[in-house]
Amino acid sequence: MATDGAGSFDALRRLGAASVALGRIKLELLALDWQDEKSRIVQLLLAAVVGALLSGFALLALALTITVALWDSPQRLVALILVTVLLAAGAVAAVWHIVALLREPSPLATTVRELKRDEATLRGNPGE
């Protein structure tokens, strides 16, 4: 009987250690997902600011281009058109980058997916 009690206590201790290890792993995964999400938000804000600035400059250049188009010097017109096109292309690239960042998976998706997999395994449905 003494051996049976010690064996049960040892199995309970191993189960507790495994639970703590699983919890630690899940917290580490959560921390990694959180770091990724913070990086994504910083990139999103930076791209939005750059896009807004370039869009403003493109509009300013467009206004200048229209004004100069009324003058007779074709060199000034070509230069302003080139500047307008380059700034507009930068603004479009920034907007494209923002859209790509917004289409990424939801925050902490990896952690949620792992927790669902663990739940399915514990319920006896490892294929879910």
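Accessible areas here come from the Shrake-Rupley method with a 1.4 Å probe, and for residues only the protein chains shown count as cover. This is a predicted model, in which local features need pLDDT of at least 70, side-chain atom pairs count only at pLDDT 80 or more, and totals for chains, interfaces and linings use all residues. Residues are numbered from 1 along each chain as its sequence is written, and side-chain values use heavy atoms, with hydrogens and water left out.

**View 1. The whole protein, from fold to surface.** Let's start with the overall picture: the protein has three helices and zero strands, giving the pattern α-α-α along the sequence. Helices (H or I, at least four residues) and strands (E, at least two) are DSSP runs, numbered from the N terminus. The accessible surface comes to about 9,700 Å², and carbon and sulfur atoms hold 73% of that area. Of the 128 residues, 18% are buried; buried means under 20% relative accessible area, exposed over 50%, and partly exposed in between (1.4 Å probe, protein chains only). Among contacts (heavy atoms within 4.5 Å) with a separation of 6 or more, 73% link residues 24 or more positions apart.

View 2. D33 sits in helix α1, which covers residues 2–69. Is D33 buried or exposed? D33 counts as buried, because its relative accessibility is 9%. The C-alpha atom of D33 lies 7.8 Å from that of A109, although the two are 76 residues apart along the chain. A109 is itself one of the buried residues of α3.

View 3. A salt bridge is a side-chain nitrogen of Lys or Arg within 4 Å of a carboxyl oxygen of Asp or Glu, and the structure holds three. R14 pairs with D10, their closest N and O atoms being 2.7 Å apart. These two residues are four apart in α1, about one turn of the helix. D10 is partly exposed because its relative accessible area is 26%. R24 and E28 also meet in a salt bridge, at 2.9 Å from N to O, and they too are four residues apart in α1, about one turn. R24 is partly exposed at 43%, and E28 is partly exposed at 42%.

View 4. E37 is buried, with a relative accessible area of 10%, and R40 is buried at 13%.

**View 5. A nonpolar surface patch that includes F57.** Which residues make the nonpolar surface patch of about 480 Å²? V49, L53, F57, L60 and L64 do. Patches are made of residues with over 30% relative accessible area and no salt bridge; like charges are joined within 9 Å, and nonpolar side chains (Val, Leu, Ile, Met, Phe, Trp, Tyr) within 5 Å. F57 is found in α1 and counts as partly exposed because its relative accessibility is 45%.

**View 6. Helix α3 and the glycine that follows.** Helix α3 spans residues 109–123. Its 15 residues reach 21 Å from first C-alpha to last, close to the 21 Å expected at 1.5 Å a residue; the expected span is 1.5 Å times one less than the number of residues. A109, T111, D118 and A120 are buried in this helix. After α3 comes G124, with a positive phi near 95 degrees.
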